[in-house]
Amino acid sequence: MSKIAIIYASTTGNTEAMAQAVKEGASGDVSIFEASSFDASTIGEYDSIALGSPAMGAEELEDSVEELYNNIEGSLKGKNVSIFGSYDWGDGQWLRDWEDRLTNAGANVKQSLAVQNTPDDDGLAKCRDFGSKL
Ligand SMILES: Cc1cc2nc3c(=O)[nH]c(=O)nc-3n(C[C@H](O)[C@H](O)[C@H](O)COP(=O)(O)O)c2cc1C
């Protein structure tokens, strides 16, 4: 059974709602963590990872995700990684920048999903579908 980690941060609950819907759609041995409590040394145990962060700063990752990402980046070569998150006024640049960083780190970026503000029913369905493809 494939082992999946969904790791996210969320400041007002929007990316968290996405993460829960991703988990609903996923099958296998699925664990969900907040980035601040994920043990970076266990990253190698997972066959597939979904990382979630809202757009913060100026098209940047939320701080705890940025910190975790810097700790795991060196372990992502060849790893299946999918990224998701909520944003508001931008155009998704933070997620494209993250995808570039992952690609440069040698990760296999499988999916990228941005949802504006609180996910509506359509957004939640997209998250479940994303989860089913982890
Ligand atoms: C300090 C701060 C910075 C933000 N920066 C961006 C940004 O650069 N681009 C953007 O599209 N939205 C930005 N937002 C909007 C958030 O990404 C948006 O509210 C999102 O839904 C928050 O998701 P969360 O509830 O999972 O934290 C920012 C919000 C805050 C509070």
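S82 sits in strand β6; helices (H or I, at least four residues) and strands (E, at least two) are DSSP runs, numbered from the N terminus. This is a predicted model, so local features need pLDDT of at least 70 and side-chain atom pairs count only at pLDDT 80 or more, while totals for chains, interfaces and linings use all residues. Residues are numbered from 1 along each chain as its sequence is written, and side-chain values use heavy atoms, with hydrogens and water left out.

Is S82 buried or exposed? S82 counts as buried because its relative accessibility is 0%; buried means under 20% relative accessible area, exposed over 50%, and partly exposed in between, with a 1.4 Å probe and protein chains only. Its side chain makes a polar contact with the side chain of Q111, at 3.4 Å. A polar contact here is a pair of N or O atoms within 3.5 Å; within protein, one must be able to donate a hydrogen and the other to accept it, and residues adjacent in sequence count only if both atoms are side-chain atoms. Not counting residues up to four places away in sequence, S82 touches I49, A50, L51, K110, Q111, F130 and L134, where contact means heavy atoms within 4.5 Å.

Now the core. The largest nonpolar core has 24 residues, and I7, L51, L76, W98 and L102 have the most contacts inside it. Such a core is a set of buried Ala, Val, Leu, Ile, Met, Phe, Trp, Tyr and Cys residues joined through side-chain atoms within 4.5 Å. Two or more residues each come from β1 (3-8), β3 (48-52), α2 (63-72), β6 (80-87) and α3 (93-104). Beyond its neighbours within four places in sequence, L76 is in contact with I43, I49, Y69, V81, L102, A105, G106 and A107. A second, separate core of 16 residues includes A19, A21, A26 and C127.

Last, G44, in the loop between β2 (29-34) and β3. G44 is exposed, because its relative accessible area is 60%.
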